[in-house]
Amino acid sequence: MLVASQFAVAVPLLIGAGLLLTSFARLQRVDPGIDRDNLLTARISLPRATYSDAPAMEAAFWEQLMDRVGALPGVVAVGSGSSRPPDYIGMINNFNLEDKPTPPEQAEPVAPWPVVSPEFFHALGIPLIRGRMFDESDRPGAPRVALVDQAWVRRFFPGEDPIGRRLHSGGCNRPDCPWLTVIGVVGDVKYMGLDDPGWGTIYQPVLQNTWWSRILFVRTATDPLSVVPAVRAIVRELDLTLPLSEVATMEELMESALDSPRNFLAMIAGFATVALLLAAIGIYGVMSYFVQQHTRDIGIRMALGGGPESVLRLIVGRGMRLVVLGIAIGVGGALALTRFMASMLFEVSPTDGVTFAGVTVGLVATALLACVIPARRAAGVDPAATLREE
């Protein structure tokens, strides 16, 4: 029964590792919604003590920064925003739709709410689907506007034109609440992890909604890290007290977003490999010991006319009965345990039939090989030599 218990333990671990491997492979293929090549990101946080009472000073800082960085050799585009793909959103906000107001007894819908510069979409390679992008006319005093993504349209206005729809933010239900008018639809972007199903995103222009800590996005024609010293120098020239922090390329951020699932997969795969080796060694050891202890019986059986094939069937059949029992118990346990893994999986069911079948077939093949080796040794016993020894 030790062999059966080893396989019963190995099955859930191997199925869990298989599910995580499938999930990880699909996560790697997710489109984040942006062009990740040659894109540098860095955070700049303006101290409120210095800039809070001087909005013109703040606007001048960002305008000069964008102009000077954009003029650097090799820089293709520069933008800024409060959010950064693939896993930093900055703000999630509730809102109410003019056409579909939320009943008083219900909670208002929420959505990721990046505040971005007009150049943000060009710098990240986010396409315009319909309508128009933000421009310099979307500033304080002008009608308040918003952009939404395709997921937001599918969620709230499926099959309808969202352009011109109005909404207001933050749970404001007064008659004088400022309305935001949707002026365009852009492509979907992952801001809350690569496995984010997409709630729909609402963008607001930074000129109409001040944001003190912004992410700078610099698109280059060559290695984006090559412009870091020049960008740091420009920031210091504009304000000696400001650091350029969280400097990273978008490729690095995408790889970092996979670190947690990759590490968890490696841990489970390690345990599963050890369990598989122990199970295989266990069945091989048990069947080798069985052959050693029953060499005389096998010799007598063959002397009475039993062929090598019958000996093979006897040994392999005895071992595989234990294996099948252990796998059956393990599959039952896996069906119960993998349900707790649902939140860790991406686009794969915790009861995925392909994974269960693949692991079962692989274990049976491994166990069969471990049984066949000592069985072939038993089938090669010389019955005359065995009887003479007795």
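**View 1. Thr-41 in the predicted model.** Thr-41 counts as buried because its relative accessibility is 0%, where buried means under 20% relative accessible area, exposed over 50% and partly exposed in between, with a 1.4 Å probe and protein chains only. The model is predicted, so local features need pLDDT of at least 70, side-chain atom pairs count only at pLDDT 80 or more, and totals for chains, interfaces and linings use all residues. Residues are numbered from 1 along each chain as its sequence is written, and side-chain values use heavy atoms, with hydrogens and water left out. Thr-41 belongs to strand β1, residues 39-45; strands (E, at least two residues) and helices (H or I, at least four) are DSSP runs numbered from the N terminus. Leaving aside residues up to four places away in sequence, Thr-41 touches Arg-84, Ile-215, Leu-216, Phe-217, Glu-246, Val-247, Ala-248, Met-250 and Leu-253; contact means heavy atoms within 4.5 Å.

**View 2. Strand β7 and its two faces.** All five residues of strand β7 (residues 145-149) are buried. In a regular strand the side chains alternate between the two faces of the sheet. On one side of β7 lie Val-145, Leu-147 and Asp-149, on the other Ala-146 and Val-148, and both faces are covered.

**View 3. The strands paired with β7.** Strands β7 and β9 (residues 180-186) run parallel and are joined by five bridges; two strands pair if DSSP finds at least two bridges between them. Thr-181 of β9 is the bridge partner of Val-145. Strand β10 (residues 202-205) runs antiparallel to β7, with two bridges joining them. Here Val-148 has Ile-202 as its bridge partner.

**View 4. The largest nonpolar core and the surroundings of Phe-121.** This core has 58 residues, and Phe-120, Phe-121, Ile-126 and Tyr-203 have the most contacts inside it. A nonpolar core is a set of buried Ala, Val, Leu, Ile, Met, Phe, Trp, Tyr and Cys residues joined through side-chain atoms within 4.5 Å. Helix α1 (residues 2-28) supplies the largest share of the core, ten residues. Phe-121 touches Val-116, Ile-126, Met-133, Phe-134, Leu-147, Val-186 and Tyr-203, not counting residues up to four places away in sequence.

View 5. For context, the protein has twelve helices and twelve strands, and 46% of its 390 residues count as buried.
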